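Biologist: Can you walk me through this model? Keep it short and plain, please.

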Amino acid sequence: MARAMAFIGDAYIHITYGRPLKRGRTIFGGLVGFDQLWAVGAHYASELFLTSPLNMGGTDVPSGAYSVFATPGASSWTLHLNSVLGMHQTDLYDPARDVLVVEVPVETLDEVTEALTIDFEHVDDGVDLRITWDQTRVRLPVRAPQRSR
């Protein structure tokens, strides 16, 4: 089990995930099919914890714990945060329990990343949650929540 964590102001964000290996396989569009729901990680969906509300990909998400799913495509992915924890693959996934569904672009990398890696890259106004595996990376912007005007 691997983990990554970051702070955005006083808010703490933490993710735990399994780290499957490439092992010479075609990952996206192969092992992980395009346009098919994937429990991000190895066997069990990754779990994301927020101590305070945060804005993720333009949507305010309440504090809490969430399972992380993705529907990968060749040029973009749809990321899902789901309020049910402890899910093995997609067996119990219920889209009605999603608190976030957001599309993010795919970056193609020159280097191969052997093990699935999820981390946070600090940017001026928050962090980007990065999911990297094989020669693919996606980023989910995570910022302080939007303030009502």
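Modeller: We will go through the strands, the cores, the salt bridges and the cavity.

Modeller: Residues are numbered from 1 along each chain as its sequence is written, and side-chain values use heavy atoms, with hydrogens and water left out. This is a predicted model, where local features need pLDDT of at least 70, side-chain atom pairs count only at pLDDT 80 or more, and totals for chains, interfaces and linings use all residues.

Biologist: Okay. Where is Met5 placed?

Modeller: Met5 sits in strand 1, residues 2-8. Strands (E, at least two residues) are DSSP runs, numbered from the N terminus.

Biologist: Is Met5 buried, exposed or partly exposed?

Modeller: Met5 counts as partly exposed because its relative accessibility is 45%. Buried means under 20% relative accessible area, exposed means over 50%, and partly exposed lies in between (1.4 Å probe, protein chains only).

Biologist: And what is Met5 in contact with?

Modeller: Tyr12, Ile13, His14 and Phe120 are in contact with Met5, leaving aside neighbours within four places in sequence. Contact means heavy atoms within 4.5 Å.

Biologist: Which way do strand 1 and strand 2 pair?

Modeller: Strand 1 and strand 2 pair in the antiparallel sense, over 7 bridges. Two strands pair if DSSP finds at least two bridges between them. Ala6 has Ile13 in strand 2 as its bridge partner.

Biologist: What about the turn in that hairpin?

Modeller: The hairpin of strand 1 and strand 2 has 2 residues between the strands, and Gly9 takes a positive phi near 65° there.

Biologist: Why is strand 2 largely enclosed?

Modeller: 6 of the 7 residues of strand 2 are buried, so the rest of the structure largely encloses this strand.

Biologist: New topic. How many residues are in the largest nonpolar core?

Modeller: The largest nonpolar core has 38 residues, and Leu48, Met56 and Trp77 have the most contacts inside it. Strand 1, strand 2, strand 4, strand 5, strand 7, strand 8, strand 9 and strand 10 each give two or more residues to this core. A nonpolar core is a set of buried Ala, Val, Leu, Ile, Met, Phe, Trp, Tyr and Cys residues joined through side-chain atoms within 4.5 Å.

Biologist: Now charges. How many salt bridges does the structure hold?

Modeller: The structure holds 8 salt bridges. A salt bridge is a side-chain nitrogen of Lys or Arg within 4 Å of a carboxyl oxygen of Asp or Glu.

Biologist: Which residue forms a salt bridge with Lys22?

Modeller: Asp134 does, and the closest N and O atoms are 3.3 Å apart. Lys22 is in the loop between strand 2 and strand 3, while Asp134 is in strand 10, so to speak of distance, the two are 112 residues apart.

Biologist: Are those two buried or exposed?

Modeller: Lys22 is buried, with a relative accessible area of 13%. Asp134 is buried too, at 11%.

Biologist: What about Glu121?

Modeller: Glu121 forms a salt bridge with Arg139, with the closest N and O atoms 2.3 Å apart. Glu121 lies in strand 9 and Arg139 in strand 10, so the pair ties together parts that are 18 residues apart in sequence. Glu121 is partly exposed at 28% relative accessibility, and Arg139 is partly exposed at 22%.

Biologist: And Asp128?

Modeller: Asp128 forms a salt bridge with Arg143, the closest N and O atoms being 3.1 Å apart. Salt bridges that share partners join Glu107, Asp119, Glu121, Asp125, Asp128, Arg130, Arg139 and Arg143 into one network.

Biologist: Last topic. What is the volume of the largest cavity?

Modeller: The largest cavity has a volume of about 70 Å³. On a 1 Å grid over the protein atoms alone, a cavity is a set of points where a 1.4 Å probe fits but cannot get out, and lining residues have an atom within 4 Å of a point. Grid points are joined across faces, edges and corners, and a volume is the space filled by probe spheres set on the points.

Biologist: Which residues line the largest cavity?

Modeller: The lining includes Ile15, Leu48, Met56, His80 and Leu140. Strand 8 and strand 10 are the elements that give two or more residues to this lining.

Technical notes: Helix = DSSP H or I, 4+ residues; strand = E, 2+ residues; numbered from the N terminus. 1 Å grid on protein atoms, 1.4 Å probe; cavity = no way out; pocket = protein on both sides within 12 Å on 5 of 7 lines; lining within 4 Å.
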